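Try each task before you read its solution.

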Amino acid sequence: VEPRHVEVQILADQEGNTLHFYERDCSIQRRHQKMIEEAPYAGLPESVRQSMGRDAVRVAQSVGYTNAGTVEFLVDGNGDYFFIEMNTRIQVEHPVTELITGTDLVELQIRVARGEVLSINQADLKIKGHALELRVYAEDPLNDFLPSVGNLEVYQLPVGENIRVDNGFEEGMDIPIYYDPMLSKLITYGKTRDEAIQLMLKAIDLYLVEGIQTTLPFGTFVCEHEAFRSGNFDTHFVKNYYSPSLLEEQHHKEAEIAAKIALKQYLEDQKLLRLPN
């Protein structure tokens with residue numbers, strides 16, 4: 001089994017107080033680019049979680065670090081973990097950590113930059129629930145994830161309880177080829193991992209985009225895949241399980257189901273119309 005890519009969120013003030021906000025699993029990637037992140041890492045032994053958090057804090061303190069930051073590790077199947085690097089900034093996937101810890105990392109980061117002392121301590125931070133994030137890229141998952149450019153003819157964001165969208169575009173805008181292809185981050189939160197996954201599937205269905213291709217269908221593919229749902233996956237998920245033909249097959253099945261439902265409803269409506277007055 002290949003390793004999982006796991007990172008620990010830390011935050012340190014100018015007085016040397018350093019906290020960790022637990023871990024995120026960022027193993028669903030392609031070309032070393034993260035696609036889906038979640039917090040916490042489901043199935044991680046609590047002893048490993050606490051040890052990894054302490055080591056992340058030690059890394060930051062050893063260099064007198066101040067600010068939000070992320071300490072990244074590879075975790076093998078035995079629960080052993082190995083330091084990769086430290087990202088000295090807030091990261092794209094920070095919302096999943098905010099949701100499971102009930103914190104606003106950006107606000108805390110600004111307060112630290114102003115010289116304020118952290119108003120919370122490690123004992124205040126507890127994991128509650130589970131959160132997923134899908135990076136919605138203007139890329140075509142049926143064409144090797146190549147950039148998709150064009151006009152956002154339709155662009156409607158999902159809305160609902162425990163659905164969060166950090167978005168950078170509006171309907172009618174053009175998507176050029178010159179910049180990062182990310183449109184938004186779609187985040188869902190649930191009491192359990194299964195609940196967060198189901199809500200992500202619902203949110204993807206509610207996210208309407210026309211004019212360009214996006215990674216939304218890829219998000220559905222991952223969230224419906226048994227390897228992902230079971231937690232038995234690693235950084236090679238895309239290489240091992242994904243192909244455009246499988247995604248097309250999924251589309252055909254969904255279209256067939258939708259057609260059958262529509263036909264059934266039509267026939268039932270016709271019966272009602274034929275009933276005598």
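Predicted model: local features only at pLDDT ≥ 70, side-chain atom pairs only at ≥ 80, totals over all residues.

**Exercise 1.** Find out which parts of the chain the salt bridge between arginine 4 and aspartate 25 ties together, and whether each partner is buried or exposed.

*Solution.* 
- Step 1: Check the contact. The closest N and O atoms of arginine 4 and aspartate 25 are 2.7 Å apart, and a salt bridge needs a distance within 4 Å.
- Step 2: Arginine 4 belongs to strand β1 (residues 4-12) and aspartate 25 to strand β2, so the bridge ties together parts that are 21 residues apart in sequence.
- Step 3: Apply the cut-off for buried, which is under 20% relative accessible area. Arginine 4 has 7%, so it is buried. Aspartate 25 has 2%, so it is buried as well.

**Exercise 2.** Work out how the setting of the bridge between glutamate 116 and arginine 111 is classed, then look at a network of bridges.

*Solution.* 
- Step 1: Note the distance. In this salt bridge, the closest N and O atoms of glutamate 116 and arginine 111 are 3.0 Å apart.
- Step 2: Read the accessibility. Glutamate 116 is at 26%, so it counts as partly exposed; arginine 111, at 34%, is partly exposed too.
- Step 3: Turn to the network. Shared partners join Glu7, Arg24, Lys34, Glu37, Glu72, Glu93 and Arg135 into one network of salt bridges.
- Step 4: Pick out one link in it. Glutamate 7 and lysine 34 meet in a salt bridge of 2.7 Å, N to O. Glutamate 7 lies in strand β1 and lysine 34 in strand β3, 27 residues apart.
- Step 5: Finish with the whole structure, which holds 19 salt bridges.

**Exercise 3.** Describe the largest pocket: how much space lies in it, and which residues are closest to its centre?

*Solution.* 
- Step 1: Start with the volume. The largest pocket has about 460 Å³ of space.
- Step 2: Find the centre. Among the 23 lining residues, Gln29, Arg31, His32, Gln33 and Lys34 are the closest to it.
- Step 3: Sort the lining by class. There are five nonpolar, seven polar and 11 charged residues.

Note on methods
Residues numbered from 1 in each chain as written. Heavy atoms only, no water. 1 Å grid on protein atoms, 1.4 Å probe; cavity = no way out; pocket = protein on both sides within 12 Å on 5 of 7 lines; lining within 4 Å. Points joined across faces, edges and corners; volume = space filled by probe spheres on them. Nonpolar A, V, L, I, M, F, W, Y, C, P; charged D, E, K, R; others polar. Salt bridge = Lys/Arg side-chain N within 4 Å of Asp/Glu carboxyl O. Helix = DSSP H or I, 4+ residues; strand = E, 2+ residues; numbered from the N terminus. Buried < 20%, exposed > 50% of the residue type's maximum accessible area, 1.4 Å probe, protein only.
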